[in-house]
Amino acid sequence: MATQLARPAYAEDLPASEQAASQRANGHAPQATAHAPEATPHAPDATPLTRDDRIALQHYMLLMRAIEERAMSLYRQGKVPGSFYDGRGQEAVSVGAAFAMSPSDRLCVLHRDLGAHLVRGVEPPRVLAQYMGRAGGLTAGRDGNVHFGDRHLGCVGMVSMLPDMMLVATGMAMAFKLRHEQRCALTWCGDGATSRGDFHEALNWASVQRLPVVFVLENNQFAYSTPLELQFAVDPVERAAAYGCAGVKVDGNDVEAVFEATRIARERALDGGGPTLIEAETMRMHGHAAHDDMRYVPPALLEHWAARDPIETYAARLEAEGIDAAALQADVSELVERATAAALEMPMPDPSMATEGVFCEGEAEPLGDGRAPWSAYADAAAPALARASEVA
Ligand SMILES: Cc1ncc(C[n+]2csc(CCOP(=O)(O)OP(=O)(O)O)c2C)c(N)n1
Ligand SMILES: [Mg+2]
């Protein structure tokens, strides 16, 4: 069932003629004319989500939550080395944004964005094995918990220094521009990231060069124990304007709002309109990591956001459209149980492999394409749900 979604305000801010004039003033040719012929699907201007798309969005959010809940219990059983980081409450941000991207777009996925890996096609047993340091994990035990990315699925594994991945995404977008490739880079960053120099360098360079990159700022109210009011005096979206970067604020607990803002930002990027900073307002519902009891978070704040849980609110919306949300939940629970059993059967890595595959040996292999379950990218014969179940 199609629903027309509201366009964020910035989409109307810069008419095409003004964009072109601004580009000429900056000495940049409009990207739209510089692009090579369509190499990847350029999503239609206003493609609404289908019923299957909505089911897929909920599927991936449920999958992210169920995997992370299971991983947390494995952590408590001593099966996850180090600590464990999750994105409870932020499922809509990673799933909604990743869902808008085409197969040949490239993603730098952050530590609270498991949903994006799942959308791109990473299978749940590999994620659970990763957390447990098993040989079948994405890094085959070389790195623990959240520092991973499957390059075969168009994702660059994140590094711990934050927000370095903003610069990596900016660099990829620069390469797309230089090669006249019709693709977009996407990355996430936290509210804490806005206080780091890399954040400003990335926004500035991407704006000066009008690069096809989308930055999703996950404003989850805290950077470890530092609250927003100690993080910035000026809203990051307002700062974006100072760089000449489009900025938009969305409800980060509304998966369709995040999807739509990202879809429009991507279109804008591919049309030569430059980068967009999307600030998704949400809440980190767990501690910074499993070891953090988050005593510093006011209980009333948690209660406020608990009532706006992205999965529960979307389930109610789907039910109103006649979709059996409970059945989706049951399918995912079963799937994650199977995935856990599979991961627990995987061996620990052979220690002699630790130094293999760390550096590039021989010819560098380009990143591969990822899965893009949104129906706009799928063949008419392959609806999103079928693709979602493939991931399972
Ligand atoms: C440069 C740098 N300093 C400190 C850390 C340790 N660290 C990891 S996550 C984190 C909190 C980051 O907060 P934010 O950017 O808001 O992201 P969130 O964890 O809230 O999603 C910190 C301080 C780091 N990874 N990199
Ligand atoms: Mg934060």
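**Working through the model**

Modeller: Let's begin with a helix: on the face of helix 13 turned away from its buried side sit the exposed residues Ala316, Glu319 and Ala320. Helices here are DSSP runs of H or I with at least four residues, strands are runs of E with at least two, and both are numbered from the N terminus. A residue is buried if 20 or more other C-beta atoms, placed from the backbone, lie within 10 Å of its own, exposed if 12 or fewer, and partly exposed in between.

Biologist: Before we go on, what kind of model is this, and how do the numbers work?

Modeller: This is a predicted model, where local features need pLDDT of at least 70, side-chain atom pairs count only at pLDDT 80 or more, and totals for chains, interfaces and linings use all residues. Residues are numbered from 1 along each chain as its sequence is written, while chains are lettered from A and ligands numbered from 1 in the order in which they are written.

Biologist: OK, back to helix 13. Which of its residues are buried?

Modeller: Pro310, Ile311, Tyr314 and Ala315 are buried in helix 13, which covers residues 310–320. Looking down the helix 13 axis, the buried residues fall within an arc of 125°, so they line one face of the helix. That arc is taken from the directions from the helix axis to the C-beta atoms.

Biologist: What do the buried residues of helix 13 pack against?

Modeller: They pack against helix 4 (51–76), helix 5 (91–99), helix 11 (255–270) and helix 14. Contact means C-beta atoms, placed from the backbone, within 7 Å. Just after helix 13, Gly322 has a positive phi of about 85°.

Biologist: How many bridges join strand 7 to strand 8?

Modeller: Six, and the two strands run parallel. Gly247 has Leu277 as its bridge partner in strand 8, and Asp251 stands opposite Glu281 there. Strand 4 and strand 8 also pair in the parallel sense, over six bridges, with Phe215 partnered by Leu277.

Biologist: Is strand 7 enclosed or open?

Modeller: Largely enclosed by the rest of the structure, because five of its six residues are buried. Strand 8 is mostly covered, with five of its six residues buried.

Biologist: And the ligand? Which residues come nearest to ligand 1?

Modeller: Leu162, Gly190, Asp191, Gly192 and Ala223, out of 14 residues around ligand 1. Being near means a C-beta atom, placed from the backbone, within 6 Å of the molecule.

Biologist: Is Ala140 buried or exposed?

Modeller: Ala140 is buried, with 20 other C-beta atoms within 10 Å. Met294 counts as partly exposed, because 14 C-beta neighbours lie inside 10 Å.

Notes. Two residues are in contact if their C-beta atoms, placed from the backbone, lie within 7 Å. Two strands pair if DSSP finds at least two bridges between them.
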